[in-house]
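User: Please take a close look at one helix pair in this protein. I want the geometry, the residues that meet and the setting.

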Amino acid sequence: MTSQYYGHVVSYLDAEMQFMLLFSRQGKLRLQKWYIAHPDKQKKKITRELVTLVLSRKPKMCSFLEWKDLKIVYKRYASLYFCCAIEAEDNELLTLEIIHRYVELLDKYFGSVCELDIIFNFEKAYYMLDELLLGGEVQETSKKNVLKAIAAQDLLQEVSYYLHIYSSFVTIIIIVIKTTAAWAAGGLSRNISYW
């Protein structure tokens, strides 16, 4: 979606996110996605600072704050905080909308999403985020398309699981056939003790 503004084309989807953090009210990090490379030590420091900063704010305070040269946009849903860092000139309301869209996707997939869903199905949460955002920018705005991609991923995982079970079963049958054939040919002792 674009608009003319003083002769310049402005895109409403150009907000580039630096990173997204999901953490609990107790400060436990549940999910982190970094779109800009940072050393691990710096990531831990940033995470610790932001978790402390956001958790210390009162519920009625604004969900936007300036931190270093970035804007921090956060929103609390139940026991989870969704926290994003954007450039100083990016649109905070668009970032709130992206957070809300991600929560809607999680709700649609898990029923009513809770912290335990994120903990035990973190790979699904990451996959959903990757379908929604690519390189920190919105990739897909349609919830329906994102959920279709996730359903396809689930199907692929399920088929892979059953193929693994099938191949294990076939391997066992081949071993049994070879062992039986060797035993019948006299290659194995008939007095094998199993216990």
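Analyst: Helix H4 (residues 122-132) packs against helix H5 (residues 143-184) at an angle of about 140°, and their axes lie 10 Å apart. Axes here are lines fitted to C-alpha atoms, for helices over the stretch in contact, with angles from 0 to 180 degrees between N-to-C directions. Helices (H or I, at least four residues) and strands (E, at least two) are DSSP runs, numbered from the N terminus.

The model is predicted: local features need pLDDT of at least 70, side-chain atom pairs count only at pLDDT 80 or more, and totals for chains, interfaces and linings use all residues. Residues are numbered from 1 along each chain as its sequence is written, and side-chain values use heavy atoms, leaving out hydrogens and water.

H4 and H5 are therefore oblique to each other. Oblique is what remains once angles under 35 degrees (roughly parallel), over 145 (roughly antiparallel) and 65 to 115 (roughly perpendicular) are set aside.

Which residues meet? From H4 come Lys-124, Tyr-127, Met-128 and Glu-131; from H5 come Val-146, Ala-149, Ile-150, Gln-153, Asp-154 and Gln-157. Contact means heavy atoms within 4.5 Å. By class, this contact has five nonpolar, two polar and three charged residues.

UniProt, in an unreviewed entry, places a "transmembrane region" at residues 161-185; such annotations may be inferred rather than shown by experiment. That span is 96% helix and 0% strand, and its end C-alpha atoms lie 36 Å apart.

As for the setting, the protein has five helices and nine strands. Their order along the sequence is β-β-β-β-α-β-β-β-α-α-α-β-β-α.

Key
Nonpolar A, V, L, I, M, F, W, Y, C, P; charged D, E, K, R; others polar.
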